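Please read it alongside the sequence and the model.

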Amino acid sequence: MATPTGFFWDMMAGRTPAPAAAATLGWKLREVDPQEGTIEVEFEASDRFTNPAGHVQGGFLAAMLDDTMGPALAATLGPGQFAPTLDLHVQFLRVAWPGTLIGKATVVRRGKQVCHLRGELTDSAGRVIATAIATAMVQRGERVRDRSTVQTETLIG
């Protein structure tokens, strides 16, 4: 079987650096199945992510969902392709506390350009914190910045 390539796989193999946003969120891959279009990732919500009530602020939860659904799609893309999020709709179901949060996502429909995604974020006890749906658009390389000189942490758990 050929070694997969493309931004997601190059990042997982350490051939290209991970986005700084993923490192900030404490992103770690648990499992991915590009044929099924599914992924499970882990985030470490730090105290720096909290609002005055001590809950993880909703913007961080939305970013975690985006950084779950995006990689589910990215794992299906080829070399020179990238798929920025066009639309993101998040529903917050309960408060989240600092600690480990689990993101799961599915590529609902993978078109040639427009793709539909679904995700959920749970706490370590399996309670659903938030759900999301998103639309992304597959683009070719000229709109993708060369990140080969950027240094970040490894994201493999």
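The protein chain has three helices and six strands. The model is a predicted one. Read from the N terminus, the elements follow the order α-α-β-β-α-β-β-β-β.

Some totals describe the chain as a whole. Of its 157 residues, 39% are buried. The accessible surface of the protein chain is about 8,700 Å², and carbon and sulfur atoms hold 51% of that surface. Among contacts with a separation of 6 or more, 64% are between residues 24 or more positions apart.

**The sheet**

Six strands form an open sheet in the order β1-β2-β4-β5-β6-β3, and the pairing is antiparallel. The edges are taken by β1 (28–33) and β3 (85–92); each has a single partner strand, so one side of each lacks a neighbour in the sheet. With direction ignored, neighbouring strands of this sheet are turned by 20° against each other on average.

How many bridges join β3 to β6? The pairing of β3 with β6 (residues 128–137) is antiparallel and runs over seven bridges. His89 lies opposite Ile133, a residue of β6.

**Aromatic pairs**

A pair of aromatic rings is described by the distance of the centres and the angle of the planes. Searching the whole structure gives two such pairs, and the table lists both.

| Pair | Centre to centre | Angle between planes | Type |
|---|---|---|---|
| Phe8 and Trp9 | 4.9 Å | 90° | edge-to-face |
| Phe49 and Phe60 | 4.2 Å | 5° | stacked |

Phe8 and Trp9 are both buried. Their planes stand at 90°, and an angle over 60 degrees counts as edge-to-face.

Why is the pair of Phe49 and Phe60 stacked? The planes of Phe49 and Phe60 are at 5° with the centres 4.2 Å apart, so the pair is stacked; the cut-off for stacking is under 30 degrees. This pair links distant parts of the chain, 11 residues apart. Phe49 sits in the loop between β2 (38–45) and α3 (58–74), whereas Phe60 belongs to helix α3.

How values were computed
Residues are numbered from 1 along each chain as its sequence is written. This is a predicted model: local features need pLDDT of at least 70, side-chain atom pairs count only at pLDDT 80 or more; totals for chains, interfaces and linings use all residues. Side-chain values use heavy atoms; hydrogens and water are left out. Rings of Phe, Tyr and Trp (its six-membered ring) pair if their centres lie within 6.5 Å; planes under 30 degrees apart count as stacked, over 60 as edge-to-face and the rest as tilted. Buried means under 20% relative accessible area, exposed over 50%, partly exposed in between (1.4 Å probe, protein chains only). Helices (H or I, at least four residues) and strands (E, at least two) are DSSP runs, numbered from the N terminus. Two strands pair if DSSP finds at least two bridges between them. Axes are lines fitted to C-alpha atoms, for helices over the stretch in contact, and angles run from 0 to 180 degrees between N-to-C directions. Contact means heavy atoms within 4.5 Å. Accessible areas come from the Shrake-Rupley method with a 1.4 Å probe; for residues, only the protein chains shown count as cover.
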